[in-house]
Amino acid sequence: MPVLMERRLKWSRWLLLLAFFAVVWHLYGIQVSRGAALAARARQMDVEEAPLEEYVRGQINDRHGIPLTAPYTANGVVVFPQLMDDVKHDSTVLARMLGLSPDALTKKAMDGAYRLTAPLKTAQLAALQQANLPGVFLLPILHRYGAAPLAAHLTGNLGKIDSARQLEQLQGASGKIYDLGDWVGKSGLEYFYEAQLKGQQSKEVAYLDRDARGRLIYGQGLTVETAGSDPARRNVVTTIDQPVQQVVEEVMDTWVDTGAVVVMQVGTGDILAMASRPGFNPDPSHMEGAVAATTAGNVFLDRDIALYQPGSIFKVVLAAAALETGTVDVKTKFHCDGIKAEPIHCWNEQGHGDITFRDAFIRSCNPSFVQVGEMLGADKIIAYAKKLGLADQTIIGYPVKPAAGQDLTQIGQAFNLANSSIGQGPVLVTPVQLAAMINTIASDGIYYTPRLVTGLSNEQNKMQEKITGPAPRRALQSETAARLRELMCLTVTEGTGQKAAVPVWGSAGKTGSAEVVTGGGKTVNAWFTGYVPAAKPRYVIVVLTEQGRSGGETAAPVFQTIAEKLMELTIK
């Protein structure tokens, strides 16, 4: 065989093989990647249907599979205009019963079957049942948002696709079918996991059959399916513990107008609760009011991941560095002149006089820690702050953009060391970072990266994809962590954190009061960070209350209330 012909045959085989694989790949895309979506479109051609799910998408669940949006099922109005005797007349009668616009319902009817998800009053329900309008049915509709959805800043909110560009981006990102006007995630987990949450067909639906020409088959009547399947959607499985989150939000609604609370599981880094105030209801029917409220308090800002000066909470970093490097021990002596101290005075105007490091920590003596900062130097303070996670805003499974402005290297700039030593000046951290720092101490010196999402589950709540992050690492020696726990226990029993004391179980922590200059003058961001129980830590709790009096007066009682309620949950 001539060499040229042999080469042509060889190349022909390769081309045929490549074409074969291209066809297989295309078929895979149709059958697997877009199979559910195309099947849903094909079904719509055979039936006239009305979805009985308010939003066709997966749930955002807590660690036990409980949806955080508190979904519920209630009877709603489902209309099939094709079954009406007189569409305009019957739509007008229906509109008057429900207090809606007759023209609006008539217009809806022109597009085919539809549902009304607004809650029905008792009188309206009775009137509909008595009227027995043709084509109007009372059917169970799954509502995504209950009366009290939890963790709104985390779950985020939905909004409609409002541009061709956004439509194209969403289709390209997921391979799923979208239409203009579809509801999609706009913030939080709804946004980050839009491609996974998006469903392609309602699992609960009412429909009428059509024949091959698209005409309704009247004899078969209305079919209602409430146990269908939608393999295209996934649920987001979070680390949140619904009862813990509920306790936190109830306490905040009583005690905290503006602030944040984080609860972390000791020894894992899992975030069990995370709440910010002021809050909002993510139900789209409430979102207009939430948007209007932003001018009064920026309700969409998640303060759990926002940057704040930590005040005296940062003294934990200096204490860790000073104890572990042998710069001080608990008996090392300092002197405090109170309001006369330079360059930074003490909150205790009379001064503490001669004071040991032990007492300087539990009484939060500013001049003493300024001296500790000078003994350590900026480089050691920065190094230990990084060891304790205060330069890393990573939250596993929650890819939020890091808050801008965090730069620990500024501690080493001229004139910054003194202010930095008491958690003021350029020192900025998030409540979640502080939770991870305290968790390191409670976990015997092991740092765990904060985690919010563990994976994605299917319709049966079986995990389909696990989300992992960095492995735990040793940040402090076990002996250092033990000494810090002793000091934090003493802070609650003898020092500035006595209002954080939890009866029976005991608690430990550190107060912080960060002065903030605003347009209206100076205010205080009040902190308490700690854990409970004291002997065998289970929960790390961080409390931030903006415009408070002090950490010990304002934040510590909030910590105490949450901690006691969580321990009561534990023994139930």
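**Close-ups of charged pairs and cysteines**

Both Arg57 and Glu194 are buried. Keep in mind that this is a predicted model.

**View 1. Arg57 and Glu194 pair up in a salt bridge.** The N to O distance between the two side chains comes out at 2.9 Å. Arg57 sits in the loop between β1 (47–51) and β2 (60–61), while Glu194 belongs to helix α9 (residues 194–197), so this contact ties together parts that are 137 residues apart in sequence.

**View 2. Lys522 meets Glu515 in a salt bridge.** Here the N to O distance is 3.9 Å, and the cut-off for calling a salt bridge is 4 Å. Lys522 is exposed, at 65% relative accessible area, whereas Glu515 is partly exposed, at 45%. Back to the pair in View 1 for a moment: Arg57 and Glu194 also belong to a network with Arg144 and Glu190, joined by salt bridges that share partners.

**View 3. Arg358 and Asp359 form another salt bridge.** Their closest N and O atoms are 2.4 Å apart. Arg358 counts as partly exposed, with a relative accessibility of 25%. Across the whole structure, the search turns up 19 salt bridges.

View 4. Cys336 is buried, with 2% relative accessible area. Cys489, by contrast, is partly exposed at 23%. The disulfide count for the structure is 0.

Conventions:
Residues are numbered from 1 along each chain as its sequence is written. This is a predicted model: local features need pLDDT of at least 70, side-chain atom pairs count only at pLDDT 80 or more; totals for chains, interfaces and linings use all residues. Side-chain values use heavy atoms; hydrogens and water are left out. A disulfide is a pair of cysteine sulfur atoms within 2.5 Å. Buried means under 20% relative accessible area, exposed over 50%, partly exposed in between (1.4 Å probe, protein chains only). Helices (H or I, at least four residues) and strands (E, at least two) are DSSP runs, numbered from the N terminus.
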